[in-house]
Amino acid sequence: MMDTINSVLNWIVPPATLVLLAFSWPTLTFINTCESIYHMFFDEDIDNKVVVITGASSGIGEQIAYEYAKKRANLVLVARRDQRLRGISENARRFGAPNVLIMAADVVKEEDCRRFINETISVFGRVDHLVNTTSLGHTFYFEEANDASVFPMLMDINFWGNVYPTYVALPYLKQSHGRIVVNAAVENWLPLPRMSLYSAAKAALVNFYETLRLELNGEVGITIATHGWIGTEMTRGKFMLEEGAEMQWKEERELQASDGPVVEFAKMIVSSAVRGSAHVKFPNWYNVFLLYKVFAPDVLTWTFRLLLSPQGTRATSFVGKGKPLLEAPTPPHRHAVVHTAVPHSTAPRIQLVE
């Protein structure tokens, strides 16, 4: 009986949904526009509130810190190493942050997360926003990875590096009716080669926070920021992982992201967070691929195969202990995403390059 029902629904529901969306789209757009206008005048006053930002030593995390500073929020800046945080904290003060606390911590360790959250409570007495920007990408084909030890490291940074700070900060965020901001990526649902593990981690991350949103039932807001390719250290350079059982990383590329899409995306994230938005996407045109993924997945697959078909020897980054790195010209439309960074070591265990 259920097989018959499912068969009928398979034929009826997809086209009926498309028709319903076509008729309801103008109304939904009008409602969203009204909400946006309302929040422009009645958004959250962040003045003197406390914002904890992980991965704040470069890129999107740094720019988000400056945007909150302009709104006169107290900042707690967290990164694996604190050298860069010193200069960023001074910049944040010049932008208007009344107080800035910097903390060196490894967000993939629960005890480190407890330490910087407890220190925040000790100094400021509250947490209003938790902004998770820690992220790390890769640019290798899965079949060519010859050191599987990198696999859990990528999951640790991209998934657990967001979950642990959230787990520790959640009781305090509930007290302040605060907000969690998450740095996701379009790869969580859009298939791209050379990013299989990164995409899997981001998919897990987004599903975790969408589920958490339902569990919290409005007690704590969640803003999921999804970006495409936005440049700076997200699309250039390399990262290295040290010898030893524990994964460590540091900023290797001290790139100054002072303009362009990273700054624009940071402004969108902070504006959306104080407006109470559930999602922010940059750029918005990526959304069209989601329709293809749901209703015509074969078309999306054929399109990517056409655009990304290799010409000659395909470019990749080889993963291995001490092996020389091979670099080949990158075919058109192949983009590498390499997020905040990576550890200093005289004998790097793993290197990934574009």
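In the predicted model, Phe-142 makes contacts with Phe-151, Ser-196 and Leu-197 when residues up to four places away in sequence are not counted. Phe-142 is placed in the loop between strand E4 (129–132) and H5, and its relative accessibility of 46% puts this residue in the partly exposed class. Although Phe-142 and Ser-196 are 54 residues apart along the chain, their C-alpha atoms are separated by 6.8 Å. Two of the residues that Phe-142 touches, Phe-151 and Leu-197, also take part in the contact between helices H5 and H6, Phe-151 on the side of H5 and Leu-197 on the side of H6.

The packing of H5 was examined next. The axes of H5 and helix H6 (residues 196–216) come within 8 Å and cross at roughly 20°; because angles under 35 degrees count as roughly parallel, H5 and H6 are assigned to that class. The crossing of these two helices is right-handed. On the side of H5, the contact is made by Phe-151, Leu-154, Met-155, Asn-158, Phe-159, Asn-162, Val-163, Thr-166 and Leu-170, and these residues are met on the side of H6 by Leu-197, Tyr-198, Ala-201, Lys-202, Ala-204, Leu-205, Phe-208, Tyr-209, Leu-212 and Leu-216. Sorted by class, the residues in the contact of H5 with H6 comprise 15 nonpolar, three polar and one charged.

Helix H5 (residues 150–176) also packs against helix H4 (residues 110–124), with an angle of about 30° and with the axes 8 Å apart. H4 and H5 are therefore likewise described as roughly parallel to each other, and H4 passes H5 in a right-handed crossing. From H4, the residues involved are Glu-110, Cys-113, Arg-114, Phe-116, Ile-117, Asn-118 and Ile-121, whereas H5 contributes Tyr-164, Pro-165, Tyr-167, Val-168, Ala-169 and Tyr-172. The contact of H4 with H5 divides by class into 10 nonpolar residues, one polar residue and two charged residues.

The largest nonpolar core holds 31 residues, of which Val-51, Ile-53, Ile-64, Tyr-68, Leu-75, Leu-77 and Ile-269 touch the most other members. At least two residues of this core are supplied by each of strand E1 (50–54), helix H2 (59–70), strand E2 (74–79), helix H3 (83–95), helix H7 (261–275) and strand E8 (279–282), and H7 gives the most, with seven residues. Apart from this core lies another, of 30 residues, which includes Val-52, Cys-113, Val-182 and Leu-205. Cys-113 is one of the H4 residues that meet H5, and Leu-205 is one of the H6 residues in the contact with H5.

Ser-272 lies in helix H7 and is buried, with a relative accessible area of 3%; not counting residues up to four places away in sequence, Ser-272 touches Thr-223, Ser-277 and Val-280. Ser-89, which is found in helix H3, is buried with a relative accessible area of 5%, and its contacts, counted with the same exclusion of residues up to four places away, are with Leu-77, Val-100 and Ile-102. Leu-77 is itself among the members of the largest nonpolar core that touch the most other members.

Most residues other than glycine have a negative phi. Asn-48, however, has a positive phi of about 70° although it is not a glycine; this residue is placed in the loop between helix H1 (2–41) and E1 and is partly exposed, with a relative accessible area of 47%. His-177, also not a glycine, has a positive phi of about 50°. The place of His-177 is in the loop between H5 and strand E5 (179–185), and with a relative accessible area of 60% His-177 is exposed.

For the protein as a whole, nine helices and nine strands were assigned, and 48% of the 354 residues count as buried. Among contacts between residues at least 6 apart in sequence, 78% join residues at least 24 apart.

Conventions:
Residues numbered from 1 in each chain as written. Predicted model: local features only at pLDDT ≥ 70, side-chain atom pairs only at ≥ 80, totals over all residues. Heavy atoms only, no water. Core = buried A, V, L, I, M, F, W, Y, C linked by side-chain atoms within 4.5 Å. Buried < 20%, exposed > 50% of the residue type's maximum accessible area, 1.4 Å probe, protein only. Helix = DSSP H or I, 4+ residues; strand = E, 2+ residues; numbered from the N terminus. Axes fitted to C-alpha atoms, helices over the stretch in contact; angles between N-to-C directions. Parallel < 35°, antiparallel > 145°, perpendicular 65-115°, else oblique. Left-handed = near helix turned anticlockwise from the far one by under 90°. Contact = heavy atoms within 4.5 Å. Nonpolar A, V, L, I, M, F, W, Y, C, P; charged D, E, K, R; others polar.
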